[in-house]
Amino acid sequence: MSVLTCVIESMGSSCSRSHSFDEAEAAENAKSADIDRRILQETKAEQHIHKLLLLGAGESGKSTIFKQIKLLFQTGFDEAELRSYTSVIHANVYQTIKILYEGAKELAQVEPDSSKYVLSPDNQEIGEKLSEIGARLEYPSLNKERVQDVRKLWQDPAIQETYSRGSILQVPDCAQYFMENLDKLSEEDYVPTKEDVLHARVRTNGVVETQFSPLGESKRGGEVYRLYDVGGQRNERRKWIHLFEGVNAVIFCAAISEYDQMLFEDETKNRMMETKELFDWVLKQRCFEVPLSVCEWFKDYQPTAPGKQEVEHAYEFVKKKFEELYFQSSKPDRVDRVFKIYRTTALDQKLVKKTFKLIDESMRRSREGT
């Protein structure tokens, strides 16, 4: 009896372990199948995600385009995100007025007609105070008193004369916009508008990405774009290389207005020449096997006539230069890549929207082989 019992117990234990093992194996197989299924689903989903790189030199408008994508094709900025730009905008004001004040002092020393850049004694005192604030790592919020000082300094004829020389002083493009809206910036309940956010300037560090579906037929087809914005300053470009892998298109931005400006990181280098060399470098990358989608570039050219006709002439000149550089720098077996130039303005939402619809259409045609 005891032996039988022992045998029965042994057999029962073996069956229990076998049953437990079968359950564990079944569970493991189910888990593995679920993982495989999810991988397959993610692979299929990734097939509808097209990788876009947003490249260009510093201050070329890349980050403004990136913000426009959020406004156009996503939910935009909620109140918390808008409020987060308050400190950035206040910093832009302090940085701008510091650049202008220090620039006026410098020009007063080196320019033949130095008297144009000499501030009134009262404004010199204000300038010293604001310049000290502008040199800090952290900036105080703009209040009514500080706004009054900034406005008084901004309206000084010497500062206005200096502002007209902004191309040699690294004066940000947002300067006039924020100086014309100082009162609202100092309000206690100030919440930046989308226009304020678009004008706000902060250098991109590292890599920022966003995912969106553009308007158009592809939206119904599930096409999704993943856009990467990377810093354009020289010390950020080493991060570009690994991003080229698996890319479907590059959007290369260049600011035509920078033809007479110097680099922030190298004041001996013309910004447009830097853009030209950077575009040339991008074209020559071994891993670069994608169509180029958007580019603008302006170098030196011969004016023809004032007004709108001159603007059109300048654009066509720049467009031709990029086309020539593309064919010069592309290897013979690469010239059949899709290469297009679209004209847009980073702050114009309608133009940006139209440009991305054109990019989307071009990429769909390329994928369809038409």
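Predicted model: local features only at pLDDT ≥ 70, side-chain atom pairs only at ≥ 80, totals over all residues.
The chain contains 14 helices and 5 strands. Of its 370 residues, 43% are buried. Contacts between residues at least 6 apart in sequence were also examined, and 73% of them join residues at least 24 apart.

An α-helix has 3.6 residues a turn, so residues three or four places apart point the same way. The N-terminal end of H6 is capped by Asn-143, with a side-chain oxygen 3.3 Å from the backbone nitrogen of Glu-145.

In soluble globular proteins, nonpolar side chains tend to be buried together. The largest nonpolar core in this model has 38 residues, and the members that touch the most others are Val-93, Leu-130, Leu-153 and Leu-185. At least two residues of this core come from each of H4, H5, H6, H7, H8, H9 and helix H10 (194–199). H4 provides the largest share, with 9 residues. Beyond its neighbours within four places in sequence, Leu-130 contacts Tyr-94, Ile-97, Asp-149, Val-150 and Leu-153. Another core, of 20 residues, lies apart from the largest one and has Leu-55, Val-282, Leu-283 and Tyr-326 among its members.

Helix H12 (residues 271–283) contains Glu-274. The relative accessible area of Glu-274 is 4%, and this residue is therefore buried, the cut-off being under 20%. Glu-274 and Ala-57 are separated by 217 residues in sequence, yet the C-alpha to C-alpha distance between them is 7.3 Å.

Aromatic pairs number 11 in the structure. In one of them, Phe-73 and Phe-212, the ring centres are 5.3 Å apart and the planes meet at 10°, so the pair is stacked. This pair connects distant parts of the chain, since Phe-73 belongs to helix H2 (residues 62–73) and Phe-212 to strand E2 (residues 207–212), 139 residues apart. Both partners are buried: Phe-73 has a relative accessible area of 12%, and Phe-212 has a relative accessibility of 3%. Phe-73 and Phe-212 also belong to a cluster, linked by ring pairs, that includes Tyr-225 and Phe-356.

Two lysines lie over aromatic rings. The charged end of Lys-51 is placed over the ring of Tyr-228, at 5.3 Å from the ring centre. Lys-70 is positioned over the face of Phe-77, and its distance from the ring centre is 5.6 Å.

Key: Residues numbered from 1 in each chain as written. Heavy atoms only, no water. Polar contact = N/O pair within 3.5 Å; in protein donor to acceptor, adjacent residues only side chain to side chain. Helix = DSSP H or I, 4+ residues; strand = E, 2+ residues; numbered from the N terminus. Core = buried A, V, L, I, M, F, W, Y, C linked by side-chain atoms within 4.5 Å. Buried < 20%, exposed > 50% of the residue type's maximum accessible area, 1.4 Å probe, protein only. Contact = heavy atoms within 4.5 Å. Phe/Tyr/Trp six-rings, centres within 6.5 Å; stacked < 30°, edge-to-face > 60°. Lys NZ or Arg CZ within 6 Å of the ring centre and 35° of its normal.
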